[in-house]
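Here are two exercises to work through with the model open. Try each task before reading its solution.

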Number of protein chains: 2
Amino acid sequence: MSAPRIAILPSVEQGLREAVEAGGGAVSDPSEADGLIWTKPRDPEGLKEALAQSPARWVQLPFAGIESFFAAGVIDPDLTWTCTKGAYGPSTAEHALALMLAAARRIHVHARARAWKRDGLGAPERTLEGAVVLIVGTGGIGKALARLLRLLGARVAGVNRSGAPLEGAERTGTTDRLPEMVPEADFIVVAAALTEQTRGLFDSELLARMKADAWLVNVARGGLVDTDALVNALTEGSIGGAALDVTDPEPLPEGHPLWDLDNVIITPHVANTWDMALPSLRAMVERNVARFGAGQPLEGLVDPSLGY
Amino acid sequence: MSAPRIAILPSVEQGLREAVEAGGGAVSDPSEADGLIWTKPRDPEGLKEALAQSPARWVQLPFAGIESFFAAGVIDPDLTWTCTKGAYGPSTAEHALALMLAAARRIHVHARARAWKRDGLGAPERTLEGAVVLIVGTGGIGKALARLLRLLGARVAGVNRSGAPLEGAERTGTTDRLPEMVPEADFIVVAAALTEQTRGLFDSELLARMKADAWLVNVARGGLVDTDALVNALTEGSIGGAALDVTDPEPLPEGHPLWDLDNVIITPHVANTWDMALPSLRAMVERNVARFGAGQPLEGLVDPSLGY
(Lines give C-alpha, C1' and ligand atoms only; values in the text may rest on other atoms or scores of the structure.)
Protein backbone atom coordinates (compact mmCIF):
# COMPACT_ATOMS: atom_id res chain seq x y z
CA MET A 1 0.00 0.00 0.00
CA SER A 2 1.16 3.55 -0.60
CA ALA A 3 2.06 5.83 2.31
CA PRO A 4 -0.84 5.69 4.80
CA ARG A 5 -2.53 9.04 5.32
CA ILE A 6 -2.43 9.96 9.00
CA ALA A 7 -4.22 12.88 10.66
CA ILE A 8 -2.94 14.32 13.95
CA LEU A 9 -5.68 15.91 16.08
CA PRO A 10 -6.57 18.15 17.81
CA SER A 11 -3.01 19.54 18.17
CA VAL A 12 0.23 18.47 16.52
CA GLU A 13 2.41 17.89 19.55
CA GLN A 14 6.15 18.32 19.25
CA GLY A 15 7.76 15.71 17.04
CA LEU A 16 4.59 13.82 16.14
CA ARG A 17 4.58 14.96 12.50
CA GLU A 18 8.18 13.74 12.21
CA ALA A 19 7.22 10.45 13.88
CA VAL A 20 4.43 9.83 11.36
CA GLU A 21 6.78 10.56 8.48
CA ALA A 22 9.56 8.42 9.96
CA GLY A 23 7.05 5.58 10.05
CA GLY A 24 6.40 6.03 6.34
CA GLY A 25 3.12 7.90 6.69
CA ALA A 26 1.90 11.13 5.13
CA VAL A 27 0.37 13.68 7.47
CA SER A 28 -3.05 14.48 6.02
CA ASP A 29 -6.37 16.14 6.63
CA PRO A 30 -8.80 14.06 8.75
CA SER A 31 -11.33 14.09 5.89
CA GLU A 32 -9.07 11.83 3.86
CA ALA A 33 -7.11 10.04 6.59
CA ASP A 34 -6.62 6.28 6.90
CA GLY A 35 -5.50 6.63 10.52
CA LEU A 36 -5.86 9.22 13.24
CA ILE A 37 -3.48 10.13 16.07
CA TRP A 38 -5.48 11.70 18.90
CA THR A 39 -3.36 13.86 21.20
CA LYS A 40 -5.71 15.04 23.92
CA PRO A 41 -5.98 12.63 26.84
CA ARG A 42 -9.17 14.13 28.23
CA ASP A 43 -11.46 15.00 25.34
CA PRO A 44 -13.45 11.97 24.15
CA GLU A 45 -16.22 14.24 22.80
CA GLY A 46 -13.76 16.08 20.60
CA LEU A 47 -12.59 12.77 19.19
CA LYS A 48 -16.16 11.68 18.54
CA GLU A 49 -16.72 14.82 16.46
CA ALA A 50 -13.48 14.32 14.56
CA LEU A 51 -14.32 10.71 13.71
CA ALA A 52 -17.73 11.71 12.38
CA GLN A 53 -15.92 13.61 9.65
CA SER A 54 -13.15 11.13 8.92
CA PRO A 55 -12.92 7.80 7.12
CA ALA A 56 -10.05 6.73 9.41
CA ARG A 57 -10.10 3.04 10.25
CA TRP A 58 -7.41 3.19 12.98
CA VAL A 59 -7.20 5.51 16.00
CA GLN A 60 -4.12 5.85 18.22
CA LEU A 61 -4.90 7.24 21.70
CA PRO A 62 -2.19 9.08 23.66
CA PHE A 63 -2.75 7.46 27.08
CA ALA A 64 -3.20 4.00 28.50
CA GLY A 65 -6.08 4.65 30.90
CA ILE A 66 -8.87 5.16 28.38
CA GLU A 67 -11.92 4.34 30.51
CA SER A 68 -13.36 7.82 29.93
CA PHE A 69 -13.35 7.18 26.16
CA PHE A 70 -15.29 3.98 26.71
CA ALA A 71 -17.71 5.77 29.02
CA ALA A 72 -18.30 8.41 26.36
CA GLY A 73 -19.15 5.72 23.82
CA VAL A 74 -16.45 6.81 21.42
CA ILE A 75 -14.74 3.42 21.14
CA ASP A 76 -16.48 2.11 18.01
CA PRO A 77 -15.61 -1.62 17.86
CA ASP A 78 -15.71 -1.52 14.05
CA LEU A 79 -12.53 0.57 14.07
CA THR A 80 -9.05 -0.52 15.19
CA TRP A 81 -8.00 1.19 18.42
CA THR A 82 -4.56 1.42 19.97
CA CYS A 83 -3.50 3.10 23.20
CA THR A 84 -0.12 3.44 24.85
CA LYS A 85 -0.55 0.50 27.22
CA GLY A 86 2.87 -0.86 28.00
CA ALA A 87 4.69 2.15 26.56
CA TYR A 88 4.48 4.29 29.69
CA GLY A 89 5.22 1.46 32.10
CA PRO A 90 8.78 2.40 33.06
CA SER A 91 7.96 6.00 34.00
CA THR A 92 4.89 5.05 36.04
CA ALA A 93 6.78 2.18 37.69
CA GLU A 94 9.48 4.69 38.65
CA HIS A 95 6.84 6.83 40.31
CA ALA A 96 5.38 3.82 42.12
CA LEU A 97 8.87 3.06 43.41
CA ALA A 98 9.31 6.69 44.48
CA LEU A 99 6.08 6.46 46.50
CA MET A 100 7.02 3.11 48.05
CA LEU A 101 10.48 4.30 49.02
CA ALA A 102 9.04 7.53 50.39
CA ALA A 103 6.69 5.47 52.56
CA ALA A 104 9.39 3.02 53.69
CA ARG A 105 11.96 5.72 54.39
CA ARG A 106 9.32 8.10 55.80
CA ILE A 107 10.31 10.92 53.43
CA HIS A 108 6.82 12.44 53.88
CA VAL A 109 7.27 12.63 57.65
CA HIS A 110 10.77 14.09 57.39
CA ALA A 111 9.79 16.53 54.64
CA ARG A 112 7.13 17.97 56.93
CA ALA A 113 9.45 18.20 59.95
CA ARG A 114 11.55 21.22 60.82
CA ALA A 115 13.72 19.45 63.35
CA TRP A 116 16.00 16.42 63.63
CA LYS A 117 13.81 13.67 65.06
CA ARG A 118 15.05 10.17 65.40
CA ASP A 119 13.97 7.41 67.74
CA GLY A 120 17.43 6.12 68.52
CA LEU A 121 19.43 3.68 66.41
CA GLY A 122 16.42 1.43 65.83
CA ALA A 123 14.49 4.10 63.97
CA PRO A 124 11.14 3.18 62.38
CA GLU A 125 12.36 3.54 58.80
CA ARG A 126 12.07 0.36 56.77
CA THR A 127 13.89 -1.16 53.81
CA LEU A 128 12.25 -2.76 50.79
CA GLU A 129 14.77 -5.58 51.05
CA GLY A 130 12.80 -8.62 52.14
CA ALA A 131 9.48 -6.75 52.01
CA VAL A 132 6.56 -8.56 50.36
CA VAL A 133 5.12 -6.45 47.54
CA LEU A 134 1.85 -7.40 45.88
CA ILE A 135 1.47 -5.89 42.39
CA VAL A 136 -2.15 -5.79 41.22
CA GLY A 137 -2.09 -5.60 37.43
CA THR A 138 0.87 -6.98 35.55
CA GLY A 139 1.01 -4.87 32.39
CA GLY A 140 3.79 -2.47 31.50
CA ILE A 141 3.86 -0.84 34.93
CA GLY A 142 3.77 -4.10 36.88
CA LYS A 143 6.48 -5.72 34.77
CA ALA A 144 8.85 -2.76 35.06
CA LEU A 145 8.20 -2.42 38.79
CA ALA A 146 8.82 -6.11 39.46
CA ARG A 147 12.28 -5.83 37.89
CA LEU A 148 13.19 -2.84 40.07
CA LEU A 149 11.87 -4.47 43.24
CA ARG A 150 13.75 -7.70 42.61
CA LEU A 151 17.02 -5.76 42.38
CA LEU A 152 16.17 -4.16 45.74
CA GLY A 153 15.67 -7.60 47.26
CA ALA A 154 11.90 -7.35 47.71
CA ARG A 155 9.70 -10.43 47.43
CA VAL A 156 7.20 -9.83 44.65
CA ALA A 157 3.77 -11.35 44.11
CA GLY A 158 1.44 -10.51 41.24
CA VAL A 159 -2.26 -10.53 40.54
CA ASN A 160 -3.92 -10.32 37.14
CA ARG A 161 -7.01 -11.43 35.27
CA SER A 162 -5.58 -14.65 33.84
CA GLY A 163 -3.02 -15.67 36.45
CA ALA A 164 -0.28 -15.63 33.79
CA PRO A 165 3.04 -15.52 35.69
CA LEU A 166 4.62 -12.12 36.32
CA GLU A 167 8.35 -12.39 35.65
CA GLY A 168 10.31 -12.13 38.88
CA ALA A 169 7.28 -12.85 41.07
CA GLU A 170 7.32 -15.69 43.58
CA ARG A 171 3.63 -16.18 42.86
CA THR A 172 1.01 -14.78 40.49
CA GLY A 173 -2.67 -15.28 41.23
CA THR A 174 -5.94 -14.45 39.56
CA THR A 175 -7.95 -11.52 40.85
CA ASP A 176 -10.22 -13.77 42.93
CA ARG A 177 -7.17 -14.80 45.02
CA LEU A 178 -6.75 -11.25 46.32
CA PRO A 179 -8.45 -11.97 49.67
CA GLU A 180 -5.78 -14.53 50.54
CA MET A 181 -2.82 -12.66 49.00
CA VAL A 182 -3.52 -9.21 50.49
CA PRO A 183 -2.81 -10.24 54.13
CA GLU A 184 0.75 -11.32 53.18
CA ALA A 185 1.80 -8.00 51.70
CA ASP A 186 3.83 -5.15 53.21
CA PHE A 187 3.07 -3.03 50.15
CA ILE A 188 0.24 -3.34 47.66
CA VAL A 189 0.67 -1.51 44.37
CA VAL A 190 -2.44 -0.94 42.26
CA ALA A 191 -1.41 -0.87 38.59
CA ALA A 192 -4.49 -2.29 36.84
CA ALA A 193 -6.85 -0.87 34.24
CA LEU A 194 -10.10 0.63 35.48
CA THR A 195 -12.98 -1.42 34.04
CA GLU A 196 -16.46 -2.47 35.08
CA GLN A 197 -14.82 -5.44 36.81
CA THR A 198 -12.14 -3.52 38.72
CA ARG A 199 -14.07 -0.44 39.84
CA GLY A 200 -14.01 -0.28 43.64
CA LEU A 201 -11.82 -3.42 43.78
CA PHE A 202 -10.19 -2.26 47.01
CA ASP A 203 -13.31 -1.97 49.15
CA SER A 204 -13.66 -2.08 52.93
CA GLU A 205 -13.49 -5.89 52.95
CA LEU A 206 -10.21 -6.13 51.05
CA LEU A 207 -8.69 -3.19 52.94
CA ALA A 208 -9.60 -4.92 56.21
CA ARG A 209 -7.40 -7.83 55.18
CA MET A 210 -4.27 -5.69 54.90
CA LYS A 211 -1.50 -5.89 57.50
CA ALA A 212 -1.72 -3.15 60.10
CA ASP A 213 1.55 -1.62 58.87
CA ALA A 214 1.06 -2.25 55.13
CA TRP A 215 0.84 0.58 52.61
CA LEU A 216 -1.51 0.86 49.66
CA VAL A 217 0.06 2.52 46.60
CA ASN A 218 -2.15 3.55 43.68
CA VAL A 219 -0.61 4.71 40.40
CA ALA A 220 -3.44 3.47 38.17
CA ARG A 221 -6.86 5.06 38.59
CA GLY A 222 -8.57 6.43 41.69
CA GLY A 223 -11.74 4.45 40.98
CA LEU A 224 -10.00 1.15 41.73
CA VAL A 225 -10.11 2.06 45.42
CA ASP A 226 -13.19 2.91 47.49
CA THR A 227 -12.07 6.27 48.84
CA ASP A 228 -14.42 6.36 51.84
CA ALA A 229 -13.34 2.87 52.90
CA LEU A 230 -9.70 3.93 52.53
CA VAL A 231 -10.21 7.02 54.68
CA ASN A 232 -11.80 4.81 57.35
CA ALA A 233 -8.93 2.31 57.30
CA LEU A 234 -6.37 5.13 57.52
CA THR A 235 -8.22 6.93 60.29
CA GLU A 236 -8.67 3.76 62.34
CA GLY A 237 -5.04 2.83 61.76
CA SER A 238 -5.98 -0.59 60.40
CA ILE A 239 -3.43 -0.07 57.61
CA GLY A 240 -0.04 1.63 57.63
CA GLY A 241 -0.67 4.30 55.04
CA ALA A 242 -1.56 5.17 51.48
CA ALA A 243 0.48 6.72 48.68
CA LEU A 244 -1.73 7.91 45.86
CA ASP A 245 -0.91 9.43 42.50
CA VAL A 246 -4.55 9.09 41.52
CA THR A 247 -7.69 9.71 43.56
CA ASP A 248 -11.46 9.46 43.36
CA PRO A 249 -12.67 12.14 43.01
CA GLU A 250 -9.82 13.63 41.01
CA PRO A 251 -8.57 16.26 41.45
CA LEU A 252 -8.98 15.66 45.16
CA PRO A 253 -10.88 18.70 46.46
CA GLU A 254 -9.45 20.95 49.14
CA GLY A 255 -10.66 20.03 52.59
CA HIS A 256 -10.96 16.33 51.71
CA PRO A 257 -10.05 14.19 54.77
CA LEU A 258 -7.16 12.55 52.87
CA TRP A 259 -5.28 15.86 52.94
CA ASP A 260 -5.20 15.86 56.74
CA LEU A 261 -3.85 12.38 57.42
CA ASP A 262 -0.20 12.02 58.44
CA ASN A 263 0.14 8.58 56.88
CA VAL A 264 -0.88 9.67 53.40
CA ILE A 265 1.25 10.84 50.46
CA ILE A 266 -0.61 12.37 47.54
CA THR A 267 1.00 13.36 44.24
CA PRO A 268 -1.25 15.06 41.67
CA HIS A 269 -1.28 12.45 38.87
CA VAL A 270 2.29 13.06 37.78
CA ALA A 271 3.61 9.51 37.43
CA ASN A 272 3.83 10.05 33.72
CA THR A 273 3.59 13.70 32.77
CA TRP A 274 3.18 14.80 29.18
CA ASP A 275 6.88 15.69 29.02
CA MET A 276 7.81 12.17 30.13
CA ALA A 277 5.21 10.57 27.88
CA LEU A 278 5.94 12.35 24.59
CA PRO A 279 9.17 10.51 23.69
CA SER A 280 7.43 7.15 24.21
CA LEU A 281 4.34 8.29 22.31
CA ARG A 282 6.44 9.49 19.39
CA ALA A 283 8.32 6.19 19.24
CA MET A 284 5.08 4.23 19.37
CA VAL A 285 3.45 6.36 16.66
CA GLU A 286 6.43 5.77 14.39
CA ARG A 287 6.29 2.00 14.92
CA ASN A 288 2.51 1.79 14.58
CA VAL A 289 2.38 3.92 11.41
CA ALA A 290 4.99 1.61 9.88
CA ARG A 291 3.01 -1.46 10.92
CA PHE A 292 -0.24 0.07 9.71
CA GLY A 293 1.33 0.80 6.33
CA ALA A 294 2.66 -2.76 6.09
CA GLY A 295 -0.60 -4.32 7.20
CA GLN A 296 1.02 -5.78 10.33
CA PRO A 297 -0.60 -6.09 13.78
CA LEU A 298 -0.40 -2.87 15.76
CA GLU A 299 1.09 -2.35 19.22
CA GLY A 300 -1.11 -1.48 22.19
CA LEU A 301 -4.28 -2.89 20.68
CA VAL A 302 -7.40 -2.08 22.67
CA ASP A 303 -9.85 -4.94 23.23
CA PRO A 304 -13.28 -3.25 23.28
CA SER A 305 -14.82 -6.32 24.95
CA LEU A 306 -12.41 -6.03 27.91
CA GLY A 307 -12.56 -2.26 28.17
CA TYR A 308 -8.80 -1.64 27.95
CA MET B 1 44.20 -23.18 65.53
CA SER B 2 41.55 -23.93 68.13
CA ALA B 3 38.34 -21.92 68.29
CA PRO B 4 39.28 -18.23 68.37
CA ARG B 5 38.17 -16.45 71.53
CA ILE B 6 35.96 -13.51 70.65
CA ALA B 7 34.68 -10.83 73.03
CA ILE B 8 31.52 -8.84 72.22
CA LEU B 9 31.49 -5.35 73.74
CA PRO B 10 29.99 -3.23 75.17
CA SER B 11 26.62 -4.94 74.58
CA VAL B 12 25.79 -8.30 73.04
CA GLU B 13 23.34 -7.27 70.33
CA GLN B 14 20.73 -9.72 69.18
CA GLY B 15 22.16 -12.70 67.39
CA LEU B 16 25.83 -11.70 67.63
CA ARG B 17 26.73 -14.46 70.08
CA GLU B 18 25.16 -16.98 67.70
CA ALA B 19 27.05 -15.40 64.77
CA VAL B 20 30.40 -15.78 66.56
CA GLU B 21 29.64 -19.40 67.35
CA ALA B 22 28.39 -20.11 63.83
CA GLY B 23 31.77 -18.81 62.61
CA GLY B 24 33.54 -21.33 64.85
CA GLY B 25 34.46 -18.88 67.60
CA ALA B 26 34.01 -19.05 71.36
CA VAL B 27 32.51 -16.02 73.05
CA SER B 28 34.96 -15.05 75.77
CA ASP B 29 35.93 -12.40 78.27
CA PRO B 30 37.91 -9.49 76.77
CA SER B 31 40.83 -10.23 79.11
CA GLU B 32 41.54 -13.42 77.19
CA ALA B 33 40.10 -12.58 73.76
CA ASP B 34 41.88 -13.02 70.41
CA GLY B 35 39.35 -10.80 68.68
CA LEU B 36 36.86 -8.17 69.71
CA ILE B 37 33.48 -7.26 68.19
CA TRP B 38 32.64 -3.65 69.10
CA THR B 39 28.92 -2.90 68.92
CA LYS B 40 28.61 0.78 69.71
CA PRO B 41 28.96 3.03 66.66
CA ARG B 42 29.61 6.21 68.64
CA ASP B 43 31.90 5.38 71.56
CA PRO B 44 35.56 5.33 70.53
CA GLU B 45 36.66 6.15 74.10
CA GLY B 46 34.86 3.10 75.43
CA LEU B 47 36.67 0.95 72.91
CA LYS B 48 40.00 2.48 73.86
CA GLU B 49 39.43 1.47 77.49
CA ALA B 50 38.36 -2.03 76.50
CA LEU B 51 41.45 -2.55 74.35
CA ALA B 52 43.73 -1.44 77.20
CA GLN B 53 42.55 -4.52 79.09
CA SER B 54 42.49 -7.01 76.24
CA PRO B 55 45.12 -8.92 74.26
CA ALA B 56 42.82 -8.92 71.19
CA ARG B 57 44.72 -8.59 67.90
CA TRP B 58 41.63 -8.03 65.72
CA VAL B 59 38.79 -5.55 66.18
CA GLN B 60 35.54 -5.59 64.16
CA LEU B 61 33.72 -2.24 64.12
CA PRO B 62 29.95 -2.12 63.58
CA PHE B 63 29.81 0.76 61.07
CA ALA B 64 31.56 1.81 57.90
CA GLY B 65 32.07 5.51 58.64
CA ILE B 66 34.74 5.25 61.34
CA GLU B 67 36.36 8.69 61.10
CA SER B 68 35.49 9.45 64.74
CA PHE B 69 37.47 6.38 65.82
CA PHE B 70 40.48 7.66 63.88
CA ALA B 71 40.03 11.12 65.37
CA ALA B 72 39.99 9.65 68.86
CA GLY B 73 43.28 7.89 68.17
CA VAL B 74 41.87 4.46 68.90
CA ILE B 75 42.87 2.87 65.56
CA ASP B 76 46.19 1.30 66.63
CA PRO B 77 47.89 0.29 63.34
CA ASP B 78 49.57 -2.66 65.10
CA LEU B 79 46.17 -4.36 65.37
CA THR B 80 43.99 -5.66 62.53
CA TRP B 81 40.85 -3.55 62.05
CA THR B 82 37.74 -4.38 60.08
CA CYS B 83 34.62 -2.30 59.60
CA THR B 84 31.39 -2.98 57.70
CA LYS B 85 32.44 -1.14 54.55
CA GLY B 86 30.63 -2.73 51.65
CA ALA B 87 28.22 -4.66 53.87
CA TYR B 88 25.73 -1.82 54.32
CA GLY B 89 25.88 -0.67 50.71
CA PRO B 90 22.50 -1.95 49.51
CA SER B 91 20.49 -0.35 52.31
CA THR B 92 22.24 3.01 52.02
CA ALA B 93 21.97 2.90 48.23
CA GLU B 94 18.24 2.29 48.62
CA HIS B 95 18.00 5.40 50.76
CA ALA B 96 20.00 7.42 48.23
CA LEU B 97 17.56 6.26 45.55
CA ALA B 98 14.62 7.21 47.78
CA LEU B 99 16.05 10.73 48.14
CA MET B 100 16.77 11.06 44.41
CA LEU B 101 13.29 9.87 43.43
CA ALA B 102 11.72 12.14 46.04
CA ALA B 103 13.61 15.07 44.50
CA ALA B 104 12.78 14.10 40.89
CA ARG B 105 9.12 13.36 41.62
CA ARG B 106 8.85 16.31 44.06
CA ILE B 107 7.53 14.13 46.88
CA HIS B 108 8.75 16.73 49.40
CA VAL B 109 6.69 19.46 47.73
CA HIS B 110 3.58 17.30 47.48
CA ALA B 111 3.96 15.95 51.03
CA ARG B 112 3.89 19.50 52.34
CA ALA B 113 0.89 20.51 50.20
CA ARG B 114 -2.72 20.24 51.32
CA ALA B 115 -4.21 20.77 47.90
CA TRP B 116 -4.03 19.33 44.39
CA LYS B 117 -1.53 21.52 42.56
CA ARG B 118 -0.41 20.69 39.09
CA ASP B 119 0.98 22.90 36.37
CA GLY B 120 -0.89 21.31 33.49
CA LEU B 121 0.17 18.21 31.59
CA GLY B 122 3.77 19.36 31.37
CA ALA B 123 4.28 19.28 35.12
CA PRO B 124 7.76 19.96 36.55
CA GLU B 125 8.27 16.42 37.82
CA ARG B 126 11.24 14.66 36.31
CA THR B 127 12.22 11.07 35.58
CA LEU B 128 15.59 9.51 36.32
CA GLU B 129 15.48 7.91 32.87
CA GLY B 130 18.16 9.66 30.86
CA ALA B 131 19.31 11.74 33.83
CA VAL B 132 23.08 12.02 34.37
CA VAL B 133 24.00 10.86 37.87
CA LEU B 134 27.49 11.40 39.26
CA ILE B 135 28.34 9.03 42.11
CA VAL B 136 31.21 10.29 44.26
CA GLY B 137 32.73 7.27 46.00
CA THR B 138 32.38 3.85 44.42
CA GLY B 139 32.38 1.49 47.40
CA GLY B 140 29.46 -0.66 48.49
CA ILE B 141 26.94 2.17 48.27
CA GLY B 142 28.11 3.45 44.91
CA LYS B 143 28.19 -0.01 43.33
CA ALA B 144 24.69 -0.92 44.52
CA LEU B 145 23.31 2.47 43.50
CA ALA B 146 24.83 2.26 40.01
CA ARG B 147 23.02 -1.03 39.40
CA LEU B 148 19.67 0.45 40.44
CA LEU B 149 20.16 3.57 38.37
CA ARG B 150 21.09 1.63 35.26
CA LEU B 151 17.85 -0.31 35.48
CA LEU B 152 16.00 3.01 35.69
CA GLY B 153 17.74 4.17 32.51
CA ALA B 154 19.92 6.81 34.15
CA ARG B 155 23.37 7.61 32.77
CA VAL B 156 25.89 6.97 35.53
CA ALA B 157 29.33 8.47 36.04
CA GLY B 158 31.64 7.68 38.95
CA VAL B 159 34.45 9.34 40.84
CA ASN B 160 36.91 7.66 43.18
CA ARG B 161 40.46 7.93 44.43
CA SER B 162 42.04 5.62 41.87
CA GLY B 163 39.80 6.06 38.84
CA ALA B 164 39.10 2.30 38.81
CA PRO B 165 35.97 1.82 36.66
CA LEU B 166 32.61 1.70 38.40
CA GLU B 167 30.56 -1.10 36.84
CA GLY B 168 27.69 0.30 34.83
CA ALA B 169 29.19 3.80 34.63
CA GLU B 170 29.79 5.48 31.28
CA ARG B 171 32.86 7.08 32.81
CA THR B 172 34.81 6.92 36.06
CA GLY B 173 37.24 9.66 36.95
CA THR B 174 39.68 10.39 39.74
CA THR B 175 38.70 12.91 42.39
CA ASP B 176 40.66 15.70 40.69
CA ARG B 177 38.34 15.42 37.66
CA LEU B 178 35.36 16.55 39.73
CA PRO B 179 35.49 20.17 38.47
CA GLU B 180 34.86 18.97 34.90
CA MET B 181 32.42 16.17 35.77
CA VAL B 182 30.17 18.11 38.16
CA PRO B 183 28.72 20.46 35.47
CA GLU B 184 27.40 17.47 33.49
CA ALA B 185 25.35 15.98 36.32
CA ASP B 186 21.62 16.25 37.02
CA PHE B 187 22.17 14.50 40.35
CA ILE B 188 25.34 14.20 42.41
CA VAL B 189 25.38 11.51 45.08
CA VAL B 190 28.03 11.77 47.77
CA ALA B 191 28.91 8.26 48.96
CA ALA B 192 32.57 8.57 49.92
CA ALA B 193 34.43 8.07 53.18
CA LEU B 194 35.18 11.17 55.25
CA THR B 195 38.95 11.56 55.47
CA GLU B 196 41.47 14.37 55.72
CA GLN B 197 41.42 14.46 51.91
CA THR B 198 37.64 14.54 51.45
CA ARG B 199 36.59 16.89 54.24
CA GLY B 200 34.82 19.89 52.72
CA LEU B 201 35.17 18.37 49.22
CA PHE B 202 31.97 20.07 48.04
CA ASP B 203 32.96 23.66 48.71
CA SER B 204 31.62 26.86 47.16
CA GLU B 205 33.78 26.39 44.06
CA LEU B 206 32.56 22.90 43.27
CA LEU B 207 28.95 23.77 44.12
CA ALA B 208 29.17 26.75 41.74
CA ARG B 209 29.91 24.32 38.91
CA MET B 210 26.65 22.42 39.37
CA LYS B 211 23.78 22.78 36.92
CA ALA B 212 21.13 25.25 38.07
CA ASP B 213 18.57 22.45 38.39
CA ALA B 214 20.90 19.74 39.71
CA TRP B 215 20.43 18.15 43.13
CA LEU B 216 23.12 17.26 45.63
CA VAL B 217 22.40 14.05 47.57
CA ASN B 218 24.53 13.16 50.60
CA VAL B 219 24.23 9.75 52.26
CA ALA B 220 27.85 9.57 53.45
CA ARG B 221 29.00 12.12 56.02
CA GLY B 222 27.97 15.72 56.52
CA GLY B 223 31.60 16.87 56.63
CA LEU B 224 32.09 16.11 52.94
CA VAL B 225 30.01 19.19 52.11
CA ASP B 226 30.66 22.77 53.23
CA THR B 227 27.30 23.50 54.85
CA ASP B 228 27.52 27.29 54.65
CA ALA B 229 28.44 27.14 50.96
CA LEU B 230 25.53 24.76 50.39
CA VAL B 231 23.07 27.09 52.13
CA ASN B 232 24.30 29.93 49.93
CA ALA B 233 23.91 27.91 46.73
CA LEU B 234 20.41 26.83 47.75
CA THR B 235 19.35 30.31 48.79
CA GLU B 236 20.67 31.88 45.60
CA GLY B 237 19.05 29.14 43.53
CA SER B 238 22.33 28.31 41.82
CA ILE B 239 21.52 24.61 42.31
CA GLY B 240 18.21 22.76 42.18
CA GLY B 241 18.16 21.35 45.68
CA ALA B 242 19.78 19.16 48.30
CA ALA B 243 18.68 15.86 49.84
CA LEU B 244 20.68 15.07 52.94
CA ASP B 245 20.67 12.07 55.24
CA VAL B 246 23.76 13.45 56.96
CA THR B 247 24.59 17.01 57.95
CA ASP B 248 27.35 19.11 59.45
CA PRO B 249 26.70 19.81 62.26
CA GLU B 250 24.76 16.66 63.07
CA PRO B 251 22.15 16.52 64.44
CA LEU B 252 21.19 19.65 62.53
CA PRO B 253 20.07 22.13 65.21
CA GLU B 254 16.58 23.62 65.23
CA GLY B 255 16.45 26.98 63.54
CA HIS B 256 19.26 26.10 61.11
CA PRO B 257 18.61 27.76 57.71
CA LEU B 258 18.48 24.35 55.98
CA TRP B 259 15.20 23.61 57.77
CA ASP B 260 13.51 26.57 56.10
CA LEU B 261 14.40 25.94 52.46
CA ASP B 262 11.73 24.52 50.15
CA ASN B 263 14.24 22.76 47.94
CA VAL B 264 15.78 20.70 50.75
CA ILE B 265 14.93 17.21 52.00
CA ILE B 266 16.52 16.16 55.28
CA THR B 267 16.29 12.68 56.78
CA PRO B 268 17.87 12.18 60.22
CA HIS B 269 20.69 9.72 59.35
CA VAL B 270 18.39 6.76 58.76
CA ALA B 271 19.81 5.34 55.52
CA ASN B 272 20.94 2.31 57.44
CA THR B 273 19.32 2.08 60.85
CA TRP B 274 20.51 -0.41 63.44
CA ASP B 275 17.56 -2.69 62.60
CA MET B 276 18.56 -2.70 58.94
CA ALA B 277 22.26 -3.08 59.78
CA LEU B 278 22.14 -5.96 62.27
CA PRO B 279 21.45 -8.79 59.78
CA SER B 280 24.42 -7.67 57.65
CA LEU B 281 26.62 -7.20 60.72
CA ARG B 282 25.76 -10.67 62.00
CA ALA B 283 26.54 -12.24 58.62
CA MET B 284 29.84 -10.37 58.41
CA VAL B 285 30.83 -11.34 61.96
CA GLU B 286 30.18 -14.99 61.18
CA ARG B 287 32.29 -14.84 58.03
CA ASN B 288 35.11 -12.87 59.62
CA VAL B 289 35.29 -15.09 62.73
CA ALA B 290 35.59 -18.11 60.43
CA ARG B 291 38.31 -16.37 58.38
CA PHE B 292 40.11 -15.23 61.54
CA GLY B 293 40.08 -18.80 62.87
CA ALA B 294 41.44 -20.13 59.58
CA GLY B 295 44.10 -17.44 59.26
CA GLN B 296 42.51 -16.09 56.09
CA PRO B 297 42.28 -12.41 55.06
CA LEU B 298 39.34 -10.63 56.68
CA GLU B 299 36.52 -8.75 54.95
CA GLY B 300 36.18 -4.99 55.36
CA LEU B 301 39.83 -4.41 56.26
CA VAL B 302 40.57 -0.87 57.38
CA ASP B 303 43.69 0.75 55.94
CA PRO B 304 44.96 3.02 58.74
CA SER B 305 47.12 4.96 56.26
CA LEU B 306 44.03 5.90 54.19
CA GLY B 307 41.76 6.56 57.13
CA TYR B 308 38.95 4.21 56.12
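Buried area here is the accessible area (1.4 Å probe) that two parts lose on being put together, summed over both. This is a predicted model, where local features need pLDDT of at least 70, side-chain atom pairs count only at pLDDT 80 or more, and totals for chains, interfaces and linings use all residues. Residues are numbered from 1 along each chain as its sequence is written, chains are lettered from A and ligands numbered from 1 in the order in which they are written, and side-chain values use heavy atoms, with hydrogens and water left out.

**Exercise 1.** Describe the interface between domain 1 and domain 2 of chain A.

*Step 1.* Get the bounds: an automatic or database assignment gives domain 1 as 5-87 + 273-294 and domain 2 as 89-266.

*Step 2.* Look at the area: about 460 Å² is buried between the two domains, 42% of it from carbon and sulfur atoms. On the domain 1 side, E67(A), G86(A) and M276(A) lose the most, together 71% of what that side buries.

*Step 3.* Check for salt bridges (a Lys or Arg side-chain nitrogen within 4 Å of an Asp or Glu carboxyl oxygen). The count is 1: R221(A) pairs with E67(A), with the closest N and O atoms 2.6 Å apart.

**Exercise 2.** Work out the strand order of the open sheet in chain A.

*Step 1.* Take strands as DSSP runs (E, at least two residues), numbered from the N terminus, and pair two if DSSP finds at least two bridges between them. For instance, β1 (5-9) and β3 (35-38) run parallel and share 4 bridges, with L9(A) opposite W38(A).
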